[in-house]
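Below are the sequence and the structure I worked from.

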Amino acid sequence: MLLARDAGKNAVSKDRELPKRDDLKDYNYAVAGHAGTMCDADGELFIKPCTQSEVEFYESAHSLHPDFAELMPLYIGTLDLNESTNQAAIHAQIPSLVEHADIPFSIKEEIQSHLHLDDRTSVVKAPIEKEILSDDIKWIPNKARKIATDRAVVLENASFGYKRPNIMDAKLGIRLWADDAPAEKKERFDKITQETTHKKYGFRVAGMRVYKGSTEEEELDEEGYKIYDKDWGRFAVNESNMVDSFKKFIFNEAAGIDKELGKTLAGLFAQDLRRVQEVLEKEESRMYSASLLFVFEGDGAALRAAIEELKASATAPEHEHKRGSTREFIATHRVDSGIGMEEDEFYESVAAADFGDLECDLEDDSDDESSFPRIYTLKLIDFAHAAWKPGQGPDENVLLGVRSLLKLFEDMSE
């Protein structure tokens, strides 16, 4: 399946296979957003129903805005959906999708090596008729939170590869509606802005799940997580308790994440938020109701083990490295979330996190498998209302939220 290009290990080993038909299932780790998302049985692929405009935004970022694309989940391609589409039909589309995906060859080769090509039937695309919508249609809130669409994007799953992923969705912006939104929607979203942290800080917590996030067993779900839903971020989090609310996500003695370890995590997220800010300040885009997705290993013992394994690899003699090339290590085994950094910046981040120095042969093209466990991930997500706007300057609506989050994580790291 997908190779993890961010803070951790390549997601699969050579003897791991892509699931067979009917192995797709509902995605269980969505803390916010629309229903209808799916993943494969092991959670490596994330399949998200979306609009055509979102598909076009992913594809244009991938081809024309490489720095911006680094902020997004790895985009593999799209699948066809209709009323009769079942899991087997979705599964059958994947080989052709991967074959034509514009992704690094090593990633494509790894995915293809796990496909059950002999077990798949071909899919004949049915002609798609566009529905013509009247401008006079009244907007009705979608309480089912399912998107009416015939397309789905296939992405890397940002939460795959963790033992106990802690996840937070931070929705960005003061203005949450796009230009073409109906008046009723604008009014409703403006009310949300006025009543929440959107108004002053340009973001709100749309959802959060924390492993062992409560000492009260009845507050935990069957997997041991405390779930903070969208109402918590909307009604409970405010200016007076925002820092303490974020500390619930990062610092967690019950799960083995003490103050020192939490500060390290906060510093790593702050490092990536600076990169997000840098990229968005150079791009001319507009995004409404996009989010930043924060993920890290929520099991303290597993997190410490992951850090120690990375430190050991970084300081091992040349012949002991699982990959001999520092250049390749930076590209695929990074301690940061996968957001682009120069080599000198990478060394600084490694030193700052006390992960040791990397001293290995830059000329070695070893292509061995990595086995680094995940540490953390930060991704920009949800582009249903996103577009490039040449000549209009940076998206200050979104940047306010990014800068506010950066300040919060910097403060928590000190």
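Which residues are buried in helix H8 (residues 242–250)? I found Met242, Ser245, Phe246, Phe249 and Ile250 buried there. I take buried as under 20% relative accessible area, exposed as over 50%, and partly exposed as in between, with a 1.4 Å probe and protein chains only. An α-helix has 3.6 residues a turn, so residues three or four places apart point the same way.

Ground rules next. This is a predicted model, where local features need pLDDT of at least 70, side-chain atom pairs count only at pLDDT 80 or more, and totals for chains, interfaces and linings use all residues. Residues are numbered from 1 along each chain as its sequence is written, and side-chain values use heavy atoms, with hydrogens and water left out.

Then the overview. I listed 13 helices and 12 strands. These are DSSP runs, numbered from the N terminus: helices are H or I with at least four residues, strands are E with at least two. The protein has 414 residues, and 53% of them count as buried. Among contacts (heavy atoms within 4.5 Å) with a separation of 6 or more, 79% join residues 24 or more positions apart.

Next I looked at how H8 meets H13. Their axes come within 11 Å and cross at roughly 70°. That makes H8 roughly perpendicular to H13. Axes are lines fitted to C-alpha atoms, for helices over the stretch in contact, and angles run from 0 to 180 degrees between N-to-C directions. Under 35 degrees counts as roughly parallel, over 145 as roughly antiparallel, 65 to 115 as roughly perpendicular, and the rest as oblique. From H8, the contact uses Met242, Val243, Phe246, Lys247 and Ile250; from H13, Leu405, Leu408, Phe409 and Met412. By class I noted 8 nonpolar, no polar and 1 charged residues. Nonpolar covers Ala, Val, Leu, Ile, Met, Phe, Trp, Tyr, Cys and Pro; charged covers Asp, Glu, Lys and Arg; the others, Gly among them, are polar.

How do H9 and H13 pack? Helix H9 (residues 259–282) and helix H13 (residues 396–413) meet at about 155°, with axes 8 Å apart. That makes H9 roughly antiparallel to H13. The contact includes Phe269, Leu273 and Leu280 of H9 and Val402, Leu406 and Phe409 of H13. Its residues divide into 13 nonpolar, 3 polar and 5 charged.

I then checked single residues. Phenylalanine 68 lies in helix H2 (residues 66–71). At 0% relative accessibility, phenylalanine 68 counts as buried. Beyond four places in sequence, phenylalanine 68 touches Leu280, Glu283, Phe383 and Trp388, among others. Glutamate 283 is 215 residues away along the chain, yet the two C-alpha atoms are separated by 7.8 Å.

Where is arginine 286? Arginine 286 sits in strand E9 (residues 285–287). Its relative accessibility is 15%, so arginine 286 counts as buried. Setting aside neighbours within four places in sequence, its contacts include His385, Lys389 and Asp395.

Last, isoleucine 307 in helix H10 (residues 300–315). Isoleucine 307 counts as buried at 10% relative accessibility. Its C-alpha atom is 8.9 Å from that of arginine 374, which is 67 residues away along the chain.
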